[in-house]
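Subject: Handover of a structure for your study

Dear colleague,

Please find below the structure that I am passing on to you. I would ask you to look through it once before reading my remarks.

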Amino acid sequence: MTSGLALSILSVALLLAPAALSAEEDPRQAVRMPEMMQTHLRANMRDHLRSMSAMQSALASGQYGVAAEIAEQRLGMTSLEAHDARHMVGFMPEGMQAVGTAMHRAASRFAVIAQDASVSGDLSHALGALSEITQQCVACHAGYRLVAAP
Ligand code: HEC
């Protein structure tokens, strides 16, 4: 084999390798969604992260009622309408829908517990409830990724 041929085989192999590897190494289920819907979902996601950050700051400064309000309005069952959840749910596999529902429920549960903390001053239950929200973020991200609908 000439070194020129060996080199071109090597470069073809290098070109193909990353694509083949990334498909194999990404264990998340691909969820097909039209681009506009993806843009919308990702914007919701960034708001989820902003909300979690604001809730943590509120807890840290003893503003438990504020943390509760943000959780219910922006992540809890109350937030579903604002987030156009009904339109998006149709694109999600059942398992993904279940994690989404679990996250909204966990946020509403956190809201009640954080409100209680404003009376008791006991933060530990609120922190536990907060971590139950985060566990749903983690579970969904570990299981699913978005790809363009054909
Ligand atoms: C029911 C599933 C689900 C839940 C629950 C969920 N996410 Fe996501 N999130 C996704 C998917 C799917 C993506 C896109 C991932 C991809 O395609 O790589 C995403 C992307 C994101 C992104 C990136 C947004 C961008 O601009 O691309 C952020 C930030 C994020 N999520 C935050 C959160 C936070 C914080 C929570 C919990 C409060 C959460 N998510 C809960 C499914 C979920």
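The following paragraphs set out what was found, from the whole chain down to single residues.

Please keep in mind that this is a predicted model. The protein chain contains seven helices and two strands. Followed along the sequence, these elements come in the order α-β-α-α-α-α-α-α-β. Of the 150 residues in the protein chain, 19% are buried. Taking the contacts between residues at least 6 apart in sequence, 76% join residues that are at least 24 apart.

The two strands

Strand β1 covers residues 29–33, and strand β2 covers residues 144–148.

Helix α3 and its two partners

Helix α3 spans residues 64–75, and its packing was examined against helix α2, residues 35–60, and against helix α6, residues 94–120.

Consider α2 and α3 to begin with. Their axes are 8 Å apart and the packing angle is about 165°. An angle over 145° counts as roughly antiparallel, and α2 and α3 are therefore roughly antiparallel to each other. Their crossing is left-handed. On the α2 side the contact consists of Asp-47, His-48, Ser-51, Ala-54, Met-55, Ala-58 and Leu-59, which meet Tyr-64, Val-66, Ala-67, Ile-70, Ala-71, Arg-74 and Leu-75 of α3. Sorted by class, this contact of α2 with α3 has ten nonpolar, two polar and two charged residues.

Turning to α3 and α6, the angle is about 165° and the axes lie 8 Å apart. By the cut-off given above, α3 and α6 are therefore roughly antiparallel to each other. The crossing of α3 and α6 is left-handed. From α3, the residues Tyr-64, Gly-65, Ala-67, Ala-68, Ala-71, Glu-72 and Leu-75 take part; they meet His-104, Ala-107, Ser-108, Phe-110, Ala-111, Ala-114, Gln-115, Ala-117 and Ser-118 of α6. By class, the contact of α3 with α6 has ten nonpolar, five polar and one charged residues.

Two residues to look at

Asp-47 is located in helix α2. Is Asp-47 buried, partly exposed or exposed? Asp-47 has 15 other C-beta atoms within 10 Å, and therefore it is partly exposed. Asp-47 belongs to the contact of α2 with α3, as does Arg-74. The C-alpha atoms of Asp-47 and Arg-74 are 7.9 Å apart in space, while the two residues are 27 apart in sequence.

Gln-136 has its place in helix α7, which runs over residues 124–143. Why is Gln-136 classed as buried? A residue is buried if 20 or more other C-beta atoms lie within 10 Å of its own, and Gln-136 has 20 of them. Leaving aside neighbours within four places in sequence, Gln-136 is in contact with Val-99, Ala-102, Met-103 and Ala-106. Its C-alpha atom is separated by 9.1 Å from that of His-104, a residue 32 places away along the chain.

Yours sincerely,
A colleague

Terms used:
Residues are numbered from 1 along each chain as its sequence is written. This is a predicted model: local features need pLDDT of at least 70, side-chain atom pairs count only at pLDDT 80 or more; totals for chains, interfaces and linings use all residues. A residue is buried if 20 or more other C-beta atoms lie within 10 Å of its own, exposed if 12 or fewer, and partly exposed in between; C-beta atoms are placed from the backbone. Helices (H or I, at least four residues) and strands (E, at least two) are DSSP runs, numbered from the N terminus. Two strands pair if DSSP finds at least two bridges between them. Axes are lines fitted to C-alpha atoms, for helices over the stretch in contact, and angles run from 0 to 180 degrees between N-to-C directions. Angles under 35 degrees count as roughly parallel, over 145 as roughly antiparallel, 65 to 115 as roughly perpendicular and the rest as oblique. A crossing is left-handed if the near helix is turned anticlockwise from the far one by less than a right angle, and right-handed if clockwise. Two residues are in contact if their C-beta atoms, placed from the backbone, lie within 7 Å. Ala, Val, Leu, Ile, Met, Phe, Trp, Tyr, Cys and Pro count as nonpolar, Asp, Glu, Lys and Arg as charged, and the others, Gly among them, as polar.
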